[in-house]
Amino acid sequence: MTNSEPVVDVRGLHVRFGEVEAVAGIDLAAYAGQATALLGRNGAGKSTTMRVLAGVVPPTAGTVLVAGHDVRRDTLAAKQATGYCPDVGGLVPRATPWEHLQLSARLRRLDDWEGPARDLLERFELGDVAHRVTAGFSHGMGRRLSVVLAAMHQPQVLLLDEPFDGVDPIGVDATMDVIADARARGACVLVSTHLRELAIRACTTVSVLRGGSRVATMGSADMQGEEGARAYRSLLE
Ligand SMILES: Nc1ncnc2c1ncn2[C@@H]1O[C@H](COP(=O)(O)OP(=O)(O)OP(=O)(O)O)[C@@H](O)[C@H]1O
C-alpha cells in the first residue's frame, strides 16, 4: 500500500436494518497520518459506518477495505488492524480498567504493554481508579477508558465514535493528544461526532453525513468560525 492509497476505502456502502436504511450509499477515503471526522446530526449514519469499519456490523452492500482487508471477507484481519472506541457499551461492569487492559493485551499477545498502559491511564486521569470496577464509573470516565482501550495497542486504524461525549476538558485534551500521537506514527484516524468545533480541532478533514449519505467533504479550515457554522447548518437543512 503506497502513501497515496487510502487506508480506509469505502465504496457504495449501504447498511439496512429491516425497513431502515441507516447508510444509503456512502463513499469515503481516509489516509495514513490523517484524521477524518464523520460529522452529522443524530441518526445521520455515523455510528453505523464506524461499526462497519470496526467489523461489528456487516455491510448490506458496497465494498469496505480497512488497511487493505475487506471487512466482509477478511473480518479478523481488518479487526486486528483497528482500535475501536464504540459510542456505547464495550465495558465489563465487574472488571477494572486494569483488567480490561490485561484482557486486551492477552488477546493481542502484546509484550511490554504495562508501562505504556499505565502512562495512558495517567494521561486520562484514570490512574487512581485503575483497580476499581467500572460499574460505578461516570459516563465521562467510561468514555475516557474506551479511548484508552482503543489506543493502547497503537493500531494502524483508530476508530473513535463520540469520544468527546460528556467528557471534561482534561479528557478532551488527552483524546486530542492520542489522536495527534496516532497521526504522528502514521495511523489513520476516524472520529465520529456531532460536535463541529471538536471535529475541527481533532481532524484535518471533515465528512458531513445526513440521512445516511455523505453530503460534503472539506478541509477542517473551511468549517471554522461563523462562516463554517453557517456552511455546516446549510448542509444539514
Ligand atoms: N440496530 C439497529 N436497528 C435498527 N435501526 C438502527 C440500528 N442501528 C441504527 N439504526 C438506525 O439507523 C439510523 C442511523 O443510526 P446511527 O446510529 O448510525 O446514526 P448516528 O449518526 O451515529 O446518530 P447519533 O449521533 O444519534 O449516534 C437511525 O435511523 C437509527 O435509528
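What follows is a short chat about a predicted model of a protein chain with a ligand.

Visitor: Let's start with the ligand. How many residues surround the ligand, and which are the closest?
Guide: There are 13 residues around the ligand. The closest are Phe17, Ala22, Asn42, Ser47 and Thr48.

Visitor: Which helix and which strand each supply at least two residues of that shell?
Guide: Helix H1, residues 46–53, and strand E2, residues 20–30. H1 gives the largest share, with three residues.

Visitor: And by class, what does the shell around the ligand have?
Guide: Seven polar residues, four nonpolar and two charged.

Visitor: New topic. Where does UniProt place the ABC transporter domain?
Guide: The record puts "domain: ABC transporter" at residues 8–236. That entry is unreviewed.

Visitor: How much helix and strand is there over residues 8–236?
Guide: That stretch is 36% helix and 27% strand. Its end C-alpha atoms lie 25 Å apart.

Visitor: What about the protein chain: how many helices and strands?
Guide: Eight helices and 10 strands.

Visitor: Why call the chain as compact as a globular protein of that length?
Guide: Because its radius of gyration is 17 Å, close to the 18 Å that the globule rule gives for 237 residues.

Visitor: What box do the C-alpha atoms fill?
Guide: Roughly 45 × 45 × 40 Å, along the principal axes.

Visitor: What percentage of the residues count as buried?
Guide: 42% of the 237 residues.

Visitor: Last one, contacts. Of those between residues at least 6 apart in sequence, what percentage join residues at least 24 apart?
Guide: That figure is 68% for the protein chain.

Terms used:
Residues numbered from 1 in each chain as written. Predicted model: local features only at pLDDT ≥ 70, side-chain atom pairs only at ≥ 80, totals over all residues. Near = placed C-beta within 6 Å. Helix = DSSP H or I, 4+ residues; strand = E, 2+ residues; numbered from the N terminus. Nonpolar A, V, L, I, M, F, W, Y, C, P; charged D, E, K, R; others polar. UniProt positions renumbered as here; feature names shortened; annotations may be inferred. Rg over C-alpha atoms; globule rule 2.2 N^0.38 Å. Buried ≥ 20, exposed ≤ 12 C-beta atoms within 10 Å, placed from the backbone. Contact = placed C-beta atoms within 7 Å.
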